[in-house]
Amino acid sequence: MSLQAPIASDHQLTRLLQIGVVLEEVVEARSHKHAQASDEPLDPAVAELLDHAVAESADHRQRLERLVEELNADTVPFDDIETLVEAQYETDEEFDGILYDQLCNEETAYKFYDDLIEAIETSDVEFSIDRERLLTVLKEIREEEAEGVEDVTELMEDHG
């Protein structure tokens, strides 16, 4: 499913929002795993960043899930995604590895929401969900992802 073209239906919008839910679940699970997996105590600034990322991703996931529910669809349970993440990804406990992974997560999420917003704005389809509210929620999430990129980049620069 491409975000290079306008969204053509509620069904396509639902699938894209569900992808956003899964993306947030992956970020949440990976951040949580990084925060819990280290044998050494994490730098307090890194621990705070990861805790914030977990909370923010959970909030984003819940906001997206409410949009998906309005479109009368289901989302993938978080426990299923967390298990998948644990099975698929090795946790890099090195300071730079954790921050680089977090930066990639934040940038990926930002780009996804940026593309999704553009695809909705260029679509002339009448969705069964209020377009302005949908765009407001997605723009708020995108802005929070941009702030996350800035936070990780600053932390990398401070410790680099």
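Modeller: Start with arginine 133 and glutamate 70, which form a salt bridge. Keep in mind that this is a predicted model.

Biologist: What makes arginine 133 and glutamate 70 a salt bridge?

Modeller: The cut-off is 4 Å between a side-chain nitrogen of Lys or Arg and a carboxyl oxygen of Asp or Glu. Here the closest N and O atoms are 2.3 Å apart, so the pair qualifies. Arginine 133 lies in helix H5 and glutamate 70 in helix H2, so the pair ties together parts that are 63 residues apart in sequence.

Biologist: How do you know whether arginine 63 is buried or exposed?

Modeller: Buried means under 20%. Arginine 63 has 12% relative accessibility, so it counts as buried. Arginine 63 also forms a salt bridge with glutamate 140, with the closest N and O atoms 2.8 Å apart. That pair links helix H2 to helix H5. Asp59 and Glu144 join these two in a network of salt bridges.

Biologist: Why is leucine 99 called buried?

Modeller: Its relative accessibility is 0%, so leucine 99 counts as buried. Leucine 99 lies in helix H4.

Biologist: Which residues have the most contacts inside the largest nonpolar core?

Modeller: They are Leu13, Leu17, Ile120 and Leu138, in a core of 25 residues. H4 gives the largest share, seven residues.

Key. Residues are numbered from 1 along each chain as its sequence is written. This is a predicted model: local features need pLDDT of at least 70, side-chain atom pairs count only at pLDDT 80 or more; totals for chains, interfaces and linings use all residues. Side-chain values use heavy atoms; hydrogens and water are left out. A nonpolar core is a set of buried Ala, Val, Leu, Ile, Met, Phe, Trp, Tyr and Cys residues joined through side-chain atoms within 4.5 Å. Buried means under 20% relative accessible area, exposed over 50%, partly exposed in between (1.4 Å probe, protein chains only). Helices (H or I, at least four residues) and strands (E, at least two) are DSSP runs, numbered from the N terminus.
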